[in-house]
Every structure is written in structure tokens, then in C-alpha cells.
Amino acid sequence: MPKFKKNSNTSEDIPTAALPDIIFMLLFFFMVTTVMRETDIMVKQKIPRATQLTKIERKSLVSYIYVGEPKNVSLYGSEPKIQINDVFITAEDIIGFVNTEKDKLDEVERDQITMSMKVDVDVKMGIISDVQQELRKANALKILYSTIKRVAEK
Amino acid sequence: MPRGKKKLPEVSSGSMADIAFLLLIFFLVTTTIANDKGILLRLPPPPDPLQEQLDIKIPDRNIFTILANSKDQLLVEGEPFEGSMDDLKNDVKKFILNFGKPTPDGIEIYNSLPPQMKAFVNANGRNPESSDDPTSLKSIVSFKSARGTSYDLYVGILDAMNAAYNEVYASRVGITTEEWLSLDRSNSMQKEMYSRGRSGIPRAISIAEPD
């Protein structure tokens, strides 16, 4: 079949010149979108669901407080604990934590600080209200109860 | 095969890159970065020991009380409540839009409401035993939990109270609650809509300290 043989002298290699670009693009994509998890969460985190969610407008103003039953029950017991950064704290230490977090912000934005509470569903309100009383004392009045979107059943 | 080995037909892979790009762009467009979302609450400022505690008397009819005990049972307006969170939301909404004894400000708000909301008020509200009007201090939704109340229920009730307010705000400007929640306040047109929806009706949610 001479007609077809004519074509066989063309190169059959895949042009791989664009491959690096693809890889770079993927790389940049993940670089930009990845949020580094700087803390190792040591409490159970089954976040409750709700419908009326607000988005945080400025992420730099947010500090996180994790509350839940410790994952390592044999070491820390099964009572819910408060975790910030990498350590367990008691409610009284929250004022100090808020103040260090406020120091990181500009002076004009300090009272805008938002505390995001990531609380496990099985926690009782007692510990939460202790945290809130301390937050009031520390003058961090904006609270965000972190929740997941529930799809409305209708 | 006496004719000799036939060459295997090859799939042209030149368009691989295009396919990869297409996929990449697809995911780029559809990916939403997991953002922290939740229910926002403003705590009251700490009590000032130097200042006398102002004792503002608010009549009972202007306060919608929700109590939760350690067994996660609810007491709404003095009566045990068994319904769903949706029912609670509707009760709160009826309370806000009651207009039992409106002040001049309240009348102004009523007149600015769209027709279907006026119909809602006239069908469900006008109860002299319930809130006067939705303006400041005339209708307050109060929620008190016990130390043993579960966080899940707490969030659920907070959600229902916010849902009632958001529904009122959203229907005031004629959009759905979903659209209301996704209003972008950095956009001037949407911000105008946001402040129009909220004007005159403060989100009066009071969270009492558990005892």
C-alpha cells in the first residue's frame, strides 16, 4: 500500500515540549491554593452542620480555638479540652492567647479579631460558655462558630 | 501472517497536552477552596465595674425566650417545644414581624415592606401579646442554654434564629435567603442591598450566660 507508506517518514514522537508547562501550572495551582495546616489537631473534630453560614471576609483577622474530646484518651482523659496552636490550655489562659494574637495585628484592627471556634458536636455548652466569658474579658467579641453547610431538606 | 509483522496502529498522543490542559482548566474553574464558614456572633462587651448597671425594663411581650436544659429539651415562650428547628424559625419570624403596637419607626418599616410581607404580618401577626415592632429593643430573641446543653443543639438554635432574621432581610429586598447569604459586601450595589435589607431591623439575638 504505497499510498499509506508515504506518511511513515513523519516523526511519531510525542512532542513533550509542553509537558514542563503543564507540570508547572499544576505546581503553581497547588502552591497557591494549599493552606498549610500548621497545627496538629489533638481533639476530635466533628463539626456541626448549619444552614445560615457567613464567610469570613479577612482571614488574617482569624484565630482558631479547638474544643473537643482528646483523640488520645489514655493520655489526656475523655473530658473535652481546649486546644490552641499545639497545646491544651485551660479557659483562664485564653486571655493571654488572645493578647498574643492581637499583638500580631495592626493596632487599628485589634478589636476586629475574630475567634473561630471549631467545636466537636459532642461537647456540652459548659466549656463553651467558659471560653466565651474569657473571650469577653479579653475583649475579643467576634466569634465564629465554625460549621459545615447543611443541604436544606425541602 | 505471511505478509510479515503488521505495525500496531498507534493512537496519536499529540492532543494529550490539550486534554490535560482542559482538565486542569476545568478543575481550576470548579474548585472552591475550602474556606472557613460558620455562624457569626457578637458577644456583649464585658461588664464595666465602674459603670452602674443600667436596668432597662423590657416588657415580656417584646422578648422571645428560648430555654434549653441539660437534657436538650426546649422551653419556648414558657411552653415545652417539640417541633423541628424549622418550626422554631417560623415562630421567631412571626415574632419579629408581629407589629402588635408599632411605634412611629415601626409603622414606617411596615409601610416599606413588600406586599407579600404585609400580608404575612396581617395573617400571622398583630398579636398584642407579642412584640411591638421589629425596631431596636422592641423585639428581642433571647436564648439561654444550660451548661449541659449539647453544642449541637446550641448551634441548631442559633442557626434557626439567624435563619429567621435572614429570611426577613432577604424578603424585604425581594431575594431568596440563599442569595442574601451570598451577598458580597465589597460590591457597592450588593452592599446597598444588604444595608437596605437590614435597615431598621437590628439582629437582636441575645445569648444569656448559662447557669
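**Ground rules**

I number residues from 1 along each chain as its sequence is written, and chains are lettered from A, ligands numbered from 1, in the order in which they are written. Because the model is predicted, local features need pLDDT of at least 70 and side-chain atom pairs count only at pLDDT 80 or more, while totals for chains, interfaces and linings use all residues.

**Entry 1: chain B overview**

I started with the elements of chain B. I use DSSP runs, numbered from the N terminus: helices are H or I with at least four residues, strands are E with at least two. Chain B has seven helices and six strands. From the N terminus on, they run α-β-β-β-β-α-α-α-β-α-α-α-β.

Next I looked up burial. A residue is buried if 20 or more other C-beta atoms lie within 10 Å of its own, exposed if 12 or fewer, and partly exposed in between; the C-beta atoms are placed from the backbone. Of the 211 residues in chain B, 27% are buried.

Then I looked up contacts. Two residues are in contact if their C-beta atoms, placed from the backbone, lie within 7 Å. I took the contacts in chain B between residues at least 6 apart in sequence, and 75% of them join residues at least 24 apart.

**Entry 2: the sheet in chain B**

I followed the strands. Two strands pair if DSSP finds at least two bridges between them. Five strands of chain B form an open sheet in the order E4-E3-E2-E5-E6, with mixed pairing. E4 (79-81) and E6 (205-208) stand at the edges with a single partner strand each, so one side of each has no neighbour in the sheet. The twist averages 25 degrees from one strand to the next; such angles run from 0 to 180 degrees between N-to-C directions, and axes are lines fitted to C-alpha atoms, for helices over the stretch in contact.

**Entry 3: strand E2(B)**

I checked the partners of E2(B). Three bridges join E2(B) (residues 63-68) to E3(B) (residues 74-76), and the two run antiparallel. Ile66(B) stands opposite Val76(B). Leu67(B) has Leu75(B) as its bridge partner. E2(B) and E3(B) form a hairpin with five residues between them. In the turn, Asp72(B) has a positive phi of about 65 degrees.

E5(B) (residues 140-144) runs parallel to E2(B), and five bridges join them. Here Ile63(B) has Ile140(B) as its bridge partner.

Which side chains of E2(B) are buried? Phe64(B), Ile66(B) and Ala68(B) point to one face and are buried.

**Entry 4: helix H4(B)**

I counted buried residues in H4(B) (residues 115-124). The count is zero among its 10 residues, and the helix is hardly covered. Just after H4(B), Arg126(B) takes a positive phi of about 60 degrees.

**Entry 5: two helices in chain A**

I turned to H4(A) (residues 94-103) and H5(A). Their axes come within 9 Å and cross at roughly 50 degrees. Angles under 35 degrees count as roughly parallel, over 145 as roughly antiparallel, 65 to 115 as roughly perpendicular, and the rest as oblique. H4(A) and H5(A) are therefore oblique to each other.

Which residues meet? Ile94(A), Ile95(A) and Val98(A) in H4(A) meet Val131(A), Glu134(A), Leu135(A) and Lys137(A) in H5(A). These residues divide into five nonpolar, no polar and two charged. Ala, Val, Leu, Ile, Met, Phe, Trp, Tyr, Cys and Pro count as nonpolar; Asp, Glu, Lys and Arg as charged; the others, Gly among them, as polar.

**Entry 6: where the chains touch**

I looked at the contact between the chains. 40 residues of chain A are in contact with 39 residues of chain B. H5(A) gives the largest share of chain A's side, eight residues. That side divides into 22 nonpolar, 11 polar and seven charged residues.

Strands meet here too. Two bridges join E2(A) to E1(B) (residues 37-42), and the two run antiparallel. Thr54(A) stands opposite Gly38(B).

Last, I looked up Lys124(A). Lys124(A) lies in the loop between E6 and H5 of chain A. With 19 other C-beta atoms within 10 Å, Lys124(A) is partly exposed. Lys124(A) touches Arg147(B), Gly148(B), Thr149(B), Ser150(B) and Tyr151(B), not counting residues up to four places away in sequence.
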